[in-house]
Amino acid sequence: MTDKATIIVHSGDMDKIYSALIIANGALSMGMEASLYFTFWGLQRLQKGGLEKGPLSKMNFLGLGRWMIKNRMKKANVAPLERLLNDFKELGGKIIACEMTMEIMGVKKEELQENLIDDYGAVGTYIQEARNSKITLFI
Amino acid sequence: MTDKATIIVHSGDMDKIYSALIIANGALSMGMEASLYFTFWGLQRLQKGGLEKGPLSKMNFLGLGRWMIKNRMKKANVAPLERLLNDFKELGGKIIACEMTMEIMGVKKEELQENLIDDYGAVGTYIQEARNSKITLFI
Amino acid sequence: MTDKATIIVHSGDMDKIYSALIIANGALSMGMEASLYFTFWGLQRLQKGGLEKGPLSKMNFLGLGRWMIKNRMKKANVAPLERLLNDFKELGGKIIACEMTMEIMGVKKEELQENLIDDYGAVGTYIQEARNSKITLFI
């Protein structure tokens, strides 16, 4: 067992991306390792310019909810997603992009933020890490 | 490793709140410890009068689905959420409210069911528990 | 601790059923055990003829998104759900149907794909497996 958090980011919803990054950064800052597997809608958030584009999983009426939440987050001094993602990388976090999703969605490597991605993997890569992780989540 | 279940309740959907409480109460009644971290939409369910107000994650057409499911649950002798939550507390379960969410949503302590909440915490509290838990879930 | 993945399939969304089966089959093919607990909307996918009927969790505009994704999956040589589910069983995976959900939804055993189901269980069955599993997920 490694002191690690291994998280699948299936959802592309803004609030869930926040949760994933806040948990992962929390784990890293407490001395754990952390890996994020971006798959399905989650992968879209790794596309260039896509990080902030996720809808809310609830209350997303004409985009108003999303704007309101962002505004409130700013007031509550919550770091924007880009900052959280950069912190994640600087703290030693690992990002894996799901190759199957790339093929299904027709997404090419050059369309992704390649500088942030440590590996392009399939389910075997995930299982190998997750089976030895103390925290496993599907978001 | 503690024989514990540590669950993040990110969703406020009625059916997912049911799942969280049924799993947590199951864990407690089998001798495990259990902690529920209410965050984002989940936190709204801890507001006074908010527990039963969650929408369904699917089939929520004009509120009909929600009413129908509640009715069927009653017929199937499934306890209402309030009862499940009280059982959770009586069996020794721990409830943590996410402070960051309270700040973002502008929710004050006195608006929450304070008598049920054991702690107001941030991600560090969660990681500390989750890294030693046998079951970790994100709902 | 058993080298096992224990997954709750709460969602009936097509993309999440794919994720659940791909992860579970990945675990099995790497020598792990795997159990899938179908509950709430997830259980509907075990109904006769229901496996392919799940909506997408996002982008499901008039059914177009669903059709498009299926088409792209075929082109990307991703196996259809039925094939993944059969592989899961052949590799030794275990399927548990949630009895409480059957009662709530009014679903009878003969309406389910009984040949695929190993057990009809309640939360206790789940906890017993999950507390000894290396990977626990809620999908």
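Predicted model: local features only at pLDDT ≥ 70, side-chain atom pairs only at ≥ 80, totals over all residues.
1. Start with the general idea. A pair of packed helices is described by two values: the angle between the axes and the distance between them.

2. Take the pair within chain A. Helix α1(A), residues 14–29, and helix α4(A), residues 81–90, have axes that come within 10 Å and cross at roughly 30 degrees. Angles under 35 degrees count as roughly parallel, so α1(A) and α4(A) are roughly parallel to each other. Their crossing is left-handed.

3. Look at who touches whom. From α1(A) come M14(A), I17(A), Y18(A), L21(A), I22(A), A24(A), N25(A) and L28(A). From α4(A) come L81(A), L84(A), L85(A), D87(A) and F88(A). By class, this contact has 11 nonpolar residues, one polar and one charged.

4. Now cross between chains. Helix α1(B), residues 14–29, packs against helix α6(C), residues 123–130, at an angle of about 70 degrees, with the axes 9 Å apart. That makes α1(B) roughly perpendicular to α6(C). The crossing is right-handed.

5. I22(B), I23(B), G26(B) and A27(B) of α1(B) meet V123(C), Y126(C) and I127(C) of α6(C). Six of these contact residues are nonpolar, one is polar and none is charged.

6. Stay with α6(C). Its residues Y126(C), I127(C), E129(C) and A130(C) are buried. Seen down the helix axis, the buried residues of α6(C) fall within an arc of 165 degrees, so they line one face of the helix. Their cover includes α1 and β5 of chain B, along with β1, β2, β3 and β5 of chain C.

Note on methods:
Residues numbered from 1 in each chain as written. Chains lettered and ligands numbered in written order. Heavy atoms only, no water. Axes fitted to C-alpha atoms, helices over the stretch in contact; angles between N-to-C directions. Helix = DSSP H or I, 4+ residues; strand = E, 2+ residues; numbered from the N terminus. Parallel < 35°, antiparallel > 145°, perpendicular 65-115°, else oblique. Left-handed = near helix turned anticlockwise from the far one by under 90°. Contact = heavy atoms within 4.5 Å. Nonpolar A, V, L, I, M, F, W, Y, C, P; charged D, E, K, R; others polar. Buried < 20%, exposed > 50% of the residue type's maximum accessible area, 1.4 Å probe, protein only. Arc of directions from axis to C-beta.
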